[in-house]
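Subject: Structure handover, salt bridges

Hello,

Here is the structure for your files. My notes on its salt bridges follow below.

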Amino acid sequence: MAKVSFTVNDKLYRKQMRKIERYVNRTLPREALKIYKSETPKDTGNARRNTKRRGMTIVGNYPYAGVLDDGLFPNPPKKGTGKTTGGYSTQAKKGMATLTIAKLNVLFNRFVRRVTGR
């Protein structure tokens, strides 16, 4: 039976993990806020203006934050304005959080591939 051996460069591994951890703690929250705000529907600008980041959390400090993100607008709309479809805004057809998370996954995977060289 053949003997197989390999070594792991733990110094390189620790360095890569520190880079990834810094990216997750510093860069991803800023990117998340940027993406979330860009996905937020704009009528008067109130929702975008009052969306802030507190640590690792994005806070929508306006009374209709859940309505926008969860698609809780009346269906069909009360007024025939055409601003909503299926309870969601026509500008954010799946809400903002779902799209933000999908884009953050892409950014994170791209960063990990760049750091690890894969």
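Buried stands for a relative accessible area under 20%, exposed for over 50%, and partly exposed for values in between (1.4 Å probe, protein chains only). The model is predicted, so local features need pLDDT of at least 70 and side-chain atom pairs count only at pLDDT 80 or more, while totals for chains, interfaces and linings use all residues. Residues are numbered from 1 along each chain as its sequence is written, and side-chain values use heavy atoms, with hydrogens and water left out.

A salt bridge here means a side-chain nitrogen of Lys or Arg within 4 Å of a carboxyl oxygen of Asp or Glu. Searching the whole structure gives three of them. Helices (H or I, at least four residues) are DSSP runs, numbered from the N terminus.

Glu39 and Lys103 form a salt bridge, with 2.6 Å between the closest N and O atoms. Glu39 belongs to helix 1 and Lys103 to helix 4 (residues 97-116), so this pair ties together parts 64 residues apart in sequence. Glu39 is buried at 14%, whereas Lys103 is partly exposed at 38%.

Another salt bridge joins Asp10 to Arg14 (3.2 Å, N to O). Both residues lie in helix 1 (residues 10-39), four residues apart, or about one turn. Asp10 is partly exposed at 43%, and Arg14 is partly exposed at 43%.

Glu31 pairs with Lys34 in a salt bridge, the closest N and O atoms lying 3.3 Å apart. These two are three residues apart in helix 1, about one helical turn. Glu31 is partly exposed at 22%; Lys34 is exposed at 54%.

Regards
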